[in-house]
Amino acid sequence: MAGNIAILGSTGSIGVQTLEVARNLGISVSALTANSNIDLIEKQAKEFKPQLISVGDSTLAFELNQRLKKMNIEVHYGLEGLKAAASIAAADTVVTSIVGVAGLIPTIEAIRHGKNIALANKETLVTAGSIVVSEAAAHGISIFPVDSEHAAIYQCLAANRRQDVERLILTASGGPFRGKTPEELEKVTVAQALKHPNWNMGSKITIDSATLMNKGLEVIEARWLFDFTPDRIKVVVHPQSIIHSMVEYVDGSVIAQLGSHDMRIPIQLALTWPDRVLNSFSRLDLLKCGSLTFEEPDMESFPCLALAFEALKADGTMPAVMNGANEAAVELFLKGKIGFCDIPRLISRAMQVHSVNIKPGLDDIIEVDGWARKMVGGLL
Ligand code: NAD
Ligand code: MG
């Protein structure tokens, strides 16, 4: 069980719930980071008394330093601050709950300092899976997924032989627009896209869930976490989100993990595995959850899922291009500058123009990420 954690992105949806878990379990917190919400990180710092906190820029750091004057807390900022939080000596585990590719360099920094990773930031594995997995192996650390589907698969694989696995089955809720035609999707609004039927999450992942890009990112995440080729990873739409994912074995047995819609459950498991600890989180009541249904994903209405499989097949820098283009397109959609169906269009265009570097280093990944963002922004 984790004894002391650093949380990258402590003011977000996962970050706040991680602090709740830490409070319940009595886990110490040595570092916290936030991009801009200094009111919340101030409150968190006063309760958890970390050694170090980091924020987005020097102005915010100066303001926070004034507010926390009487406390013995180092206040850092920017990428150097994130790296300092990720490598803080006191922490044995780093929870990566930053959103987007901004989480990549700090996660690598944590791995290089021998920290176990409780990984929420899926974009790290999407953009640089091969590098992250080999760094983790070289430093003998474990990466435990916080994402509910991957936490489910982790549990379904435990105590079984991996050579007996036929395939991984990732479940997807289908998002708020399940059943809509491509024509209907042209007219959906930002407010409608932000209303996820089952989960309450940050805005970027909520839009990704509406386009099904989130499931695409999760397929790539699963590829690197569990080392299965894409043809052995299947996606099934399961609107109730009660089964969090499954593993099918060669003898026809399918092992599933079920639970209520409560991210604190996989967050806690990432910090206690292989132990299970009693908590007061919501329980699954099978008699109240009704029918469980399953459908094929609709790749025509939701091309982002197909684009992710395509990027995974192309390998090398292509998933980073897809991810960078997606982050830029989602930002434009959230600002009301493009329509919902422009998201896959822009990603597809960036992927078509890109010529893949099959064995990229970290610098190449960062470079193509920037290139894809410019491409989507119309700056190239
Ligand atoms: P969020 O938007 O609620 O929080 C993001 C956090 O990252 C905040 O603390 C913010 O300050 C910080 N941040 C944002 N941009 C940053 C930047 N450029 N540099 C440094 N810090 C930055 O997001 P979330 O919903 O908590 O998701 C976090 C990650 O976890 C994402 O990768 C998401 O895909 C993954 N995830 C989330 C959920 C969920 O239920 N929310 C479930 C599974 C996986
Ligand atoms: Mg998920």
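Domain bounds here come from an automatic or database domain assignment. In this predicted model, that assignment divides the protein into domain 1, residues 4–146, and domain 2, residues 150–374. Taken over C-alpha atoms, the centres of domain 1 and domain 2 are separated by 23 Å.

The size of an interface is often given as the accessible area lost when the parts come together. Between domain 1 and domain 2 the buried area is about 3,000 Å², and carbon and sulfur atoms give 75% of it. On the side of domain 1, the residues that lose the most area to domain 2 are Lys122, Val126 and Phe144, which together make up 23% of what that side buries. Counted by residues, 34 of domain 1 are in contact with 40 of domain 2.

Side chains of opposite charge can pair when their charged atoms come close. Three salt bridges are found across the interface of domain 1 and domain 2. Glu20 forms a salt bridge with Arg264, with 2.6 Å between the closest N and O atoms. Five residue pairs are in polar contact across the interface of domain 1 and domain 2, both residues of each pair being at pLDDT 80 or more.

Several elements of domain 1 give two or more residues to the side that touches domain 2: the helices α1 (13–25), α5 (104–112) and α6 (122–138), and the strands β5 (93–96), β6 (116–119) and β7 (143–145). Of these, α6 gives the most, with 10 residues. By residue class, the side of domain 1 that touches domain 2 comprises 22 nonpolar, nine polar and three charged residues.

Over the whole structure, a search finds 25 salt bridges. In one of them, Glu42 pairs with Arg67, the closest N and O atoms being 2.8 Å apart. This pair, too, links distant parts of the chain, with Glu42 in helix α2 (residues 38–48) and Arg67 in helix α3 (residues 58–67), 25 residues apart.

Two details of the backbone remain. Most residues other than glycine have a negative phi, and most peptide bonds are trans. The peptide bond from Trp273 to Pro274, however, is cis, with omega near 5°. Pro274 is placed in the loop between α12 (264–272) and α13 (303–314). Leu212 is not a glycine, yet has a positive phi of about 75°; Leu212 lies in the loop between α10 (203–211) and α11.

Notes: Residues are numbered from 1 along each chain as its sequence is written. Chains are lettered from A and ligands numbered from 1 in the order in which they are written. This is a predicted model: local features need pLDDT of at least 70, side-chain atom pairs count only at pLDDT 80 or more; totals for chains, interfaces and linings use all residues. Side-chain values use heavy atoms; hydrogens and water are left out. Contact means heavy atoms within 4.5 Å. Buried area is the accessible area (1.4 Å probe) that two parts lose on being put together, summed over both. A salt bridge is a side-chain nitrogen of Lys or Arg within 4 Å of a carboxyl oxygen of Asp or Glu. A polar contact is a pair of N or O atoms within 3.5 Å; within protein, one must be able to donate a hydrogen and the other to accept it, and residues adjacent in sequence count only if both atoms are side-chain atoms. Helices (H or I, at least four residues) and strands (E, at least two) are DSSP runs, numbered from the N terminus. Ala, Val, Leu, Ile, Met, Phe, Trp, Tyr, Cys and Pro count as nonpolar, Asp, Glu, Lys and Arg as charged, and the others, Gly among them, as polar.
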